[in-house]
Amino acid sequence: MSDLKNIHREYNSKLGNKLSLEQINQIKTELFGKNGLISTQFKILGKLSESERKQFASELNKIKEDLQNLISQKLKDIELSSINEKLENEKVDITLPARPIIKGKIHPVSQTIDAISSIFSEIGFSVEEGPDVENDYNNFSALNTPDNHPARDMHDTFYLDDEKKTLLRTHTSPVQIRTMMKDQPPFKIIAPGRTYRSDSDQTHSPMFHQVEGLHIDKNINMGNLKGCLNYFIKEFFEVDKIKMRFRPSHFPFTEPSAEVDIGYEIKDGKIIIGEGDKWLEILGCGMVHPNVLKNVKVDPNKFQGYAFGIGIDRLAMLKYGINDLRSFFECDYRWLNHFGFDPLDVPTNYRGLSR
Ligand code: DAH
């Protein structure tokens with residue numbers, strides 16, 4: 001019995017010290033291993049008389065339980081302090097900038113939209129947005145293109161219902177209507193976005209991108225339109241001189257209407273913008289038709305202005321030397337890796353628009 005008490009006292013005091021995991025495991029073996037001090041005490045039980053056995057067994061179980069509790073408490077303490085130590089030493093600084101292992105790339109069309117927005121914002125245009133799913137009124141009727149107007153056929157529209165009331169917008173021009181309906185003049189906006197027409201070949205994709213421009217104020221004329229487009233083309237292609245011509249055209253929502261071509265030539269297999277005697281059509285424009293202004297409750301006797309619609313994909317192809325439009329939308333990772341842009345390379349007028 002006194003042996004038992006000694007073991008208890010000795011290990012009680014050992015377990016009171018600061019111990020490592022190995023030391024605790026060592027103590028565990030010393031006490032409860034096959035030939036451990038406590039384990040061997042159990043072997044004695046059989047040799048005792050019945051009354052002694054009862055008392056000894058109860059004492060032995062108590063001590064065994066006490067020491068086991070002490071050990072498991074000690075193990076818990078160690079676990080806790082190792083977690084605390086990890087928390088203390090393995091801090092993650094979440095304010096550090098992300099260092100992506102595989103870098104994503106910005107699509108040339110997105111990069112072009114950013115460049116266009118930056119250029120127009122320099123001369124006071126703000127950016128508006130409209131939905132891809134439009135109604136027939138905003139896409140056609142309000143833009144002076146009533147039912148049965150021949151211009152509707154040219155758009156190869158994707159209708160979304162049998163009554164032909166809902167459609168995928170065929171151009172960004174409905175954003176003109178949305179903008180003028182919700183505010184009062186003056187207006188000076190651009191609206192880049194996706195547009196849709198049932199058409200597909202090397203230079204046409206059923207989904208493509210346009211940017212709409214609208215400037216309505218007092219005393220705006222074709223000269224303002226020409227100045228604005230001239231500035232834009234020069235900035236976009238980063239050239240000092242640009243050859244530009246206005247060809248008379250027809251759009252129901254503008255009067256007069258024009259299509260704009262820019263001059264170019266091919267030197268050593270490369271397109272040079274602004275020189276040469278070849279012409280490339282890049283946009284449609286004109287003075288906003290009085291009927292359009294009336295439809296959005298703007299008085300055409302007080303306010304007037306110009307609008308334009310530019311094909312974004314074609315501008316991107318020209319600027320970055322990409323010659324098949326379809327490759328834009330094939331989602332080929334290798335293509336994107338080659339033609340894409342660094343996410344941090346945001347185009348601005350100050351930092352430059354190209355790589
Ligand atoms: N919406 C026309 C199209 O997609 C382009 C256009 C022409 C827009 C003249 C305009 C404009 O704002 O004034 O073919």
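A: Happy to! One definition first: Ala, Val, Leu, Ile, Met, Phe, Trp, Tyr, Cys and Pro count as nonpolar, Asp, Glu, Lys and Arg as charged, and the others, Gly among them, as polar. Also keep in mind that this is a predicted model.

Q: Got it. So how do the residues of the shell around the ligand divide?

A: There are five nonpolar, eight polar and two charged residues in that shell.

Q: And which residues are the closest to the ligand?

A: Of the 15 residues that surround the ligand, the closest are His171, Ser173, Arg197, Gln210 and Glu212.

Q: What does histidine 171 do with its side chain there?

A: One of its polar side-chain atoms lies 2.8 Å from a nitrogen atom of the ligand. For arginine 197, an N or O atom in the side chain is 2.8 Å from an oxygen atom of the ligand. Alanine 307 uses its backbone: a polar atom there is 3.1 Å from a ligand oxygen.

Q: How much of the ligand's accessible area does the protein cover?

A: On its own the ligand has 360 Å² of accessible area, and the protein covers 93% of that. The elements giving two or more residues to the shell are β5 (207-217), β9 (278-288) and β10 (304-311).

Q: New topic: at what angle do α5 and α11 pack?

A: Helix α5 (residues 108-122) and helix α11 (residues 312-320) pack at about 100°, with axes 9 Å apart. That angle makes α5 roughly perpendicular to α11.

Q: Which residues meet there?

A: Among them are Pro108, Val109 and Ile113 from α5, and Ile312, Leu315 and Tyr320 from α11. The residues of this contact divide into eight nonpolar, two polar and one charged.

Methods
Residues numbered from 1 in each chain as written. Predicted model: local features only at pLDDT ≥ 70, side-chain atom pairs only at ≥ 80, totals over all residues. Heavy atoms only, no water. Axes fitted to C-alpha atoms, helices over the stretch in contact; angles between N-to-C directions. Helix = DSSP H or I, 4+ residues; strand = E, 2+ residues; numbered from the N terminus. Parallel < 35°, antiparallel > 145°, perpendicular 65-115°, else oblique. Contact = heavy atoms within 4.5 Å. Near = heavy atom within 4 Å. Polar contact = N/O pair within 3.5 Å; in protein donor to acceptor, adjacent residues only side chain to side chain. Areas by Shrake-Rupley, 256 points an atom, 1.4 Å probe, with all protein chains shown as cover.
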